[in-house]
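Trainee: I would like to go through this model step by step. Please start with the pockets and then move to the chain as a whole.

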Amino acid sequence: MVMADRPEVKTASTPVTTLAVAGLASTMLTGLARVPFTRPFSGPSGILDNLGQSVTRQAVRSFMGYSMSLPIDEFRSLEKILDDICKVVIPPFVERIDDVDLTHDELAGVPGIWCRAKDACQGGEKITGTILYLHGGGYIGTSPIMYAAFASTIVERTGCEIFIADYRMAPEFPFPAPVHDAADVYRELLARGVDPAHLIVAGDSGGGGLAASLMAYLRDHEIPKPAAVALFSPEIDLDLDHPSITDNAATDILPWNVPVTPYLHGVQPDDERVSIVYADLGPAWFPPTFVTCGSDEMFRDGIREFTAALEKGGVEVQAIEEPGMFHVYPILMPWSEAAHTAFDALGEYVEKHVTPSAEPATA
């Protein structure tokens, strides 16, 4: 399910949606036309990776800038079109490239997608663990199928099964609705027999912030914590008051005016329920944490502060800050050397912290 399929969510008419798509295409072409003027071969990596980084930065920045300018009904209609395209393109790709099966399921009323290695589904391979993945999108956009290729790469590198939760998003469903959905899925995984020692909570961008918020929820409701947390460029400080927010605006893929008010809906951005960096972090309730970010992304300073707070509180943390990279680079540039480094490190982290599970979670 994509947000546009929920009965409470309004969408635009077909003619207006068509105009929105045409506008997006025009904006994307204009953005890509800028690439030759941005020194595309310069950067911290090889020539091809640097070129890929330049093209990706311009394409994603153009897409995000345009989509954030749309009224919410047009945004939802455009999102649905992209979701429909992904439903056609991604399943055959991950099945053939990564040998991963995609299965739709619903946990505690929250829909989502299971990603599992085909050998594990057929009983020929042991499941390393279960990952509850909370997809990114700034708390306002994207869908599970858009993350299936990335999740399948993690399945291949870690041996885990992954459930990508289709949680409710703002502005239609602001905080705490996404946290409640994540918590309901987590409880259901435990009810299905997943041991917390086999369980990882992961997420990127807004989904990374949501994963961190879920840890605070588990603490407050005395629910066992997972074995580990894995975060990719997590949005864990919604105050957005660090120097990197402005200093890296020219090098990141994010719009310079990152939207957080639709999600907060009146909640103060320094509330630890939405910005975990303000919490009193400690190993009694916060699990061992794997976190990646790029040195050129806007959230960099907040993530640095977060990892420092984890270390100070005694929480084991492995942090990777990749030079010259932007927001969620392992997702946007999975072929890059930097992404492979992150995937390899994640695989080792999972092997270190997660007790192997004998069977997949019951679907």
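Mentor: This is a predicted model. The largest pocket has a volume of about 1500 Å³.

Trainee: Which element gives the largest share of the lining of the largest pocket?

Mentor: The elements that each give two or more residues to this lining are α1 (14-33), α2 (47-67), α3 (72-97), α5 (148-158), α11 (329-332) and α12 (337-353). One of them gives 10 residues, the largest share, and that element is α3.

Trainee: Which residues lie nearest the centre of the largest pocket?

Mentor: The lining has 50 residues. By class, 33 are nonpolar, 11 polar and 6 charged. Nearest the centre lie Val-60, Phe-63, Thr-142, Met-146 and Leu-332.

Trainee: What is the volume of the second largest pocket, and which residues are the closest to its centre?

Mentor: The space in the second largest pocket is about 210 Å³. Its lining is made of 14 residues, and the closest to the centre are Thr-38, Arg-39, Ser-42, Ser-54 and Arg-57.

Trainee: How many polar residues are in the lining of the second largest pocket?

Mentor: Sort the lining by class. There are 2 nonpolar and 4 charged residues, and the polar residues number 8.

Trainee: What percentage of contacts between residues at least 6 apart in sequence join residues at least 24 apart?

Mentor: The chain has 12 helices and 8 strands, and 56% of its 363 residues count as buried. Among the contacts between residues at least 6 apart in sequence, the share that joins residues at least 24 apart is 79%.

Trainee: Is Asp-184 buried, partly exposed or exposed?

Mentor: Asp-184 is found in helix α6, residues 177-191. Its relative accessible area is 29%. Buried means under 20% and exposed means over 50%, so a value in between is called partly exposed. Asp-184 is therefore partly exposed.

Trainee: What distance separates the C-alpha atoms of Asp-184 and Pro-288?

Mentor: Along the chain, Asp-184 and Pro-288 are 104 residues apart.

How values were computed
Residues are numbered from 1 along each chain as its sequence is written. This is a predicted model: local features need pLDDT of at least 70, side-chain atom pairs count only at pLDDT 80 or more; totals for chains, interfaces and linings use all residues. Side-chain values use heavy atoms; hydrogens and water are left out. On a 1 Å grid over the protein atoms alone, a cavity is a set of points where a 1.4 Å probe fits but cannot get out, and a pocket is an open set with protein on both sides within 12 Å along at least five of seven lines; lining residues have an atom within 4 Å of a point. Grid points are joined across faces, edges and corners, and a volume is the space filled by probe spheres set on the points. Helices (H or I, at least four residues) and strands (E, at least two) are DSSP runs, numbered from the N terminus. Ala, Val, Leu, Ile, Met, Phe, Trp, Tyr, Cys and Pro count as nonpolar, Asp, Glu, Lys and Arg as charged, and the others, Gly among them, as polar. Buried means under 20% relative accessible area, exposed over 50%, partly exposed in between (1.4 Å probe, protein chains only). Contact means heavy atoms within 4.5 Å.
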